[in-house]
Amino acid sequence: MVSTVVVDVAPVSPADLVAVARDGAAVELSAAARAAIVRGRRTVDALAAAPDPAYGVSTGFGALATRHVPLPERARLQRSLVRSHAAGSGPEVEREVVRALMLLRLSTLATGHTGVRPGTAELLAGLLSHGITPVVHEHGSLGCSGDLAPLAHCALALLGEGPVRDRSGALRPAAEALAEAGLVPVELGAKEGLALINGTDGMLGMLVLALEDLRLTLRTADVAAAMSVEALLGTDRVFAAELQALRPHPGQADSAANLRTLLAGSGVVASHRGPDCNRVQDAYSLRCAPQVHGAARDTVEHAATVAGRELAAAIDNPVVLGEGVESNGNFHGAPLGYVLDFLAIAAADVASMSERRTDRFLDVARSHGLPAFLAADPGVDSGHMIAQYTQAAVVSELKRLAVPASVDSIPSSAMQEDHVSMGWSAARKLRRSIEGLRRVVAIEVLTAARALDLRAPLTPAAGTGAVVALLRGAGVPGPGPDRFLAPEIERAVDLVRSGAVVAAAEERIGELR
């Protein structure tokens, strides 16, 4: 684990973002970043002293940009901006999301294109290093002019105002938490309030975290699919490299390679591989797993390309360029909103296929010799009947969450901001989609493991067998009379979320793609 992340003029890496957001890594500015910040501030100071109005330096904001603000009122201007824009509402946003957006704002400040003073950037780094997390609310960002309300709540903490969570998670006044950490609140100078709140940092932070989660979850989906193919007496021949090469999508190739590796040496598959097998081909949910999982993988990599470009961006309006400041529209979240929505579509479809595989185990007409609902005594016992209901309910929700947020727009700021991205909303629903996908895949793993046990004395492959053993070792018993199922589902979800399912398979068969 990285203990300290150095923020430079170069982009923050996804790995560093995860280290700060999830692992609590400390943050410090590089010497080059400090020098860039000093250069940018000189430009702002010169404009602030000039008689001509400069947007964001000596004027109001948004629809109020025509108001020239005299020098004595400019400190109040920046303070008022932060206070008024910290207008979020609803549940608290997760700590990891707030830390991610704070780091990304700091990364933009470090480019020198925002014009803040070095001390302001250092204070933001100090909050991250001391584990002080401002309270940010679910609702408030339209994803245009950046994530204004979420970032304003963070900027408010720099003023020593508003509520924060300390390192232990306790809710405290910002002034108290800063004082305890030895940090002094900032009195904002010209342009600094605007520079702290005008960025795509919230939606970008959630995108980077989602990419990390989806890569793991899609590998887990390959494990689940392999377990289902095996336990449903499917064939592994359709995953052969020469067949997959006829359609050269990289994600499909990787998913198929995982399935081949996971099913290698399976006694269950070998038991029906021969001239006596009269099944011509498997159902789509088994046969087409690499095509669907692979398409989701390729969507993730497309989104990663967009995220990489945004990580390299310096988002602010106006932006310091040369000896002046320039208005621009780079804060518009459309590039992020589109891919965030696209990922929610992919998550819903992978979950939909997983649920279909699970359902096949429970139907005696399609399970090839397994007891109804995998029950010990069908009729007296219901087995996994309602586990599939739970799966189906989650899949239905994921389909609703796949409706794009980015196609909506509500004009704001007296029609000055007349088209917005809703990228923050797309990111928020994607986080729910990923959690739903984990639950659906976990129930498939749970059900397929039970089915593999019921195929005894046939033995599963090394990788799939390791996952069955993982579940049994985690307190999830094998087949038997009905019992309280919800805790077993939650244990399976925890194993999927933590990466333990993939790790168990990889320990036996090597790294999956």
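How many helices and strands does the chain have?

## Overall architecture

The chain of this predicted model comprises 20 helices and nine strands. Its C-alpha trace extends over about 90 × 45 × 40 Å along the principal axes. Of the 513 residues in the chain, 56% are buried. When contacts between residues at least 6 apart in sequence are considered, 78% of them link residues at least 24 apart.

## Surface and charge

## Helix H16

Helix H16 covers residues 385-401, a run of 17 residues. At 1.5 Å a residue this helix should span 24 Å, and the separation of 25 Å between its end C-alpha atoms agrees with that expectation.

The buried residues of H16 are Ala387, Gln388, Gln391, Val394, Val395, Leu398 and Leu401. Viewed down the helix axis, these residues fall within an arc of 130 degrees, so they line one face of H16. The cover over them includes helix H15 (334-362), helix H17 (423-454) and helix H19 (486-498).

## Buried sites and their contacts

Ser228 belongs to helix H9 (residues 201-231). Its relative accessible area is 0%, so Ser228 is buried. Beyond its neighbours within four places in sequence, Ser228 contacts Leu286, Arg357, Phe361, Glu444 and Ala448. The C-alpha atoms of Ser228 and Ala449 are 8.4 Å apart, although 221 residues separate the two in sequence.

Ser266 sits in the loop between helix H11 (250-263) and helix H12 (267-271). This serine counts as buried because its relative accessibility is 4%, under the 20% cut-off. Apart from residues up to four places away in sequence, Ser266 touches Glu230, Thr459, Pro460 and Ala461.

Glu138 lies in strand E5 (residues 137-139) and is likewise classed as buried, at 13% relative accessibility. With neighbours within four places in sequence left aside, the contacts of Glu138 are Ser89, Gly90, Pro91, Val93, Trp424, Arg428 and Arg432.

## An exposed loop residue

Ala245 is located in the loop between helix H10 (241-244) and H11. A relative accessible area of 53% makes Ala245 exposed. Ala245 and Ala504 are 259 residues apart in sequence, with a C-alpha to C-alpha distance of 28 Å.

## Backbone geometry

Most peptide bonds are trans, and most residues other than glycine have a negative phi. Two cis bonds may be noted here. The peptide bond from Asn317 to Pro318 is cis, its omega being near 0 degrees; Pro318 lies in the loop between helix H14 (289-311) and strand E8 (319-321). Ala456 and Pro457 are also joined by a cis peptide bond, with omega about 15 degrees. Pro457 occupies the loop between H17 and helix H18 (462-473).

Positive phi values occur at Lys191, where phi is near 75 degrees, and at Met415, where it is about 70 degrees; neither residue is a glycine. Lys191 is in the loop between helix H7 (174-180) and helix H8 (192-197), while Met415 is in the loop between H16 and H17. Is each of these residues buried or exposed? Lys191 is buried, with a relative accessible area of 0%, whereas Met415 counts as exposed at 54% relative accessibility.

How values were computed:
Residues are numbered from 1 along each chain as its sequence is written. This is a predicted model: local features need pLDDT of at least 70, side-chain atom pairs count only at pLDDT 80 or more; totals for chains, interfaces and linings use all residues. Side-chain values use heavy atoms; hydrogens and water are left out. Helices (H or I, at least four residues) and strands (E, at least two) are DSSP runs, numbered from the N terminus. Buried means under 20% relative accessible area, exposed over 50%, partly exposed in between (1.4 Å probe, protein chains only). Contact means heavy atoms within 4.5 Å. The expected span of a helix is 1.5 Å times one less than its number of residues. The arc is that of the directions from the helix axis to the C-beta atoms.
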